[in-house]
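Thanks for coming. I have one structure to go through today, and I will keep it short. Please look at the screen.

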Amino acid sequence: MLDIPKRSYLGTPATAPGPSGPRMLPAFAGIRRNPLNYLHHIWRTYGDIAQFPIPRPPSYLLTDPQAVRRVLVDRARDYTKDTLQYRALALVTGQGLLVSQDPREHRRILQPAFHPDRLAPLVRQVDQSGEHLVAHWQRLPSHSVVDVEHAMATIALETVGQALFGQNLTADAERLVAATLDGLEVVIARARVPITPPSWMPTPRNRKLARANAELDSAAGQLVRSRRLRVGSPESSDALDLLMHARSDSGEGLTTAEIRDEIVTMIVAGHETVASALTWCLALLASNADMQQRVREEVDGVLSDQQLSMAQLGQLPLVRAVIDETMRLYPPAWLITRKATIDDELAQARIPAGALMIMSPYLVHRHPEYWSQPETFDPDRFLLGQVDRIAFIPFGAGPRLCIGRDFAYAEAVALLATLIRQFEFTFPTGMQFPAFDPGVTMRPVGGLKLRIVQRS
Ligand code: HEM
């Protein structure tokens, strides 16, 4: 067991090292600005398990990869998503899969939409969206500076719309991206401050949330209505078909609210994350010219002028390694939380039932016992099989592993390959590699603008 100084927080005994209340108080403004930097500092100072001076719930930062695995995989049933993070997210996603306490039924319904067989049409569709973006950028004057973050968010939303709901969301993309970001902004603001006005109070933030939700509701309603009007039988079942035709053992279908919640969950979980990963990939490649060139050579050797295919994606190990290494350094979902429902022992500390476990892939991915030179961007580590997968959790792990993982990989590899094949990316003069802003996903402060040069 750990040697803990005798301390208690309003009656809750300390069971792991950590900052005292008076020590944490001055850090509060910094925590609100960038909570992840503060978590990093706590890990560096107190080690793989640290306790915050918060009595209810007793709150721990857990960074030991073995112990994180115990929480997410081995004892997953004893650690639930009943946490502030997921309660805040539910303000936007309702009781969709991401936040649900018992996801089994909805996961069973949705799983076929993410079956490997469905990835081939996804890749064809990403290929088309990618070509549209390429054509748009090609029409710009040479050496233009483009808003990469915005372009990735739009294209990722179109991909979700087309692949999961068979709908072209291009026309609505601006509004939906804005609504998602607005909704998530309120979620973050709530998650960062423990005491917030209830959501029915007409504060400016709550009104913003209500507007964002109305936008997302209307998008979901529109999707369902147009699917009901569809004539003829579908060629294959996408997520929307599965949701609309699902039946429980007793023959009941999902309610309109349940369908809305899953649609919004897919929009929220499925586009910001992929957009974040791709944005950071391009930022890292723009600042690593040699690696960018190596990736381009790999892509040139595989891609032809024919349509991009699943088989080709499998022949791009370096592209995939760049994506993995990017998500190691900038995991889009940088925060995972769970509530302990049992007394347990983690990283040699006694954990009481009811405790909040805070885990960050960003920190686990930098654990020096698992990663050499953790701060260095080095995709080769993934090619050389040097990675201990237990310390690589960009998609979580265990029964709540991201349902969209293979979807995200296929989309990201296809898009990155398409873009790198056509353009060279550099930072505009005077612009530096961006700092990160850990919101619901990890975004570059001030967005990401890059100079593109079309390849001849
Ligand atoms: C790079 C892209 C992505 C990243 C990094 C990512 C990350 C994650 C992580 C870390 C979790 C687990 C959260 C936890 O255990 O608390 C998760 C769950 C989830 N993700 Fe993703 N995700 C990505 C793409 C997607 C896509 C494309 C979709 C859908 C279209 C999606 C839908 C979901 C859903 C529904 C869950 C909840 C699954 C469950 O709890 O059963 N994600 N994701």
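Predicted model: local features only at pLDDT ≥ 70, side-chain atom pairs only at ≥ 80, totals over all residues.

In the chain, cysteine 402 sits in the loop between α17 and α18.

Now the surroundings. The ligand has 27 residues around it, and those that come nearest are Tyr86, Arg107, Arg338, Arg400 and Cys402.

Sorted by class, the shell consists of 18 nonpolar residues, five polar ones and four charged ones. Where does the largest share of the shell come from? Helix α12 gives six residues. The elements that each supply at least two residues are α12, β7 and α18; β7 covers residues 336-340.

Next, the oxygen atoms of the ligand. One lies 2.7 Å from an N or O atom in the side chain of arginine 107. For the side chain of arginine 400, the distance from a ligand oxygen to an N or O atom is 2.7 Å. With lysine 81, a ligand oxygen is 3.3 Å from a side-chain N or O atom.

On to the loop residue. Threonine 83 is found between β5, residues 79-80, and α5, residues 84-93. Is threonine 83 buried or exposed? Its relative accessible area is 2%, which is under the 20% cut-off, so threonine 83 counts as buried. Beyond its neighbours within four places in sequence, threonine 83 contacts Thr337, Arg338, Lys339 and Leu356.

Last, helix α15, residues 317-329. With 13 residues at 1.5 Å a residue, α15 should span 18 Å, and its end C-alpha atoms are 18 Å apart, so the two values agree.

How many residues of α15 are buried? The count is 11 of 13, so to speak mostly covered. Among them are Leu318, Val322 and Ile323, but also Asp324, Glu325 and Arg328. What do the buried residues of α15 pack against? The partners are α12, α13, α16, α17 and α18. Two of these names, α12 and α18, were already mentioned as suppliers of the ligand shell.

That is what I have; questions are welcome.

Definitions and conventions: Residues numbered from 1 in each chain as written. Heavy atoms only, no water. Helix = DSSP H or I, 4+ residues; strand = E, 2+ residues; numbered from the N terminus. Expected span 1.5 Å × (residues − 1). Buried < 20%, exposed > 50% of the residue type's maximum accessible area, 1.4 Å probe, protein only. Contact = heavy atoms within 4.5 Å. Near = heavy atom within 4 Å. Polar contact = N/O pair within 3.5 Å; in protein donor to acceptor, adjacent residues only side chain to side chain. Nonpolar A, V, L, I, M, F, W, Y, C, P; charged D, E, K, R; others polar.
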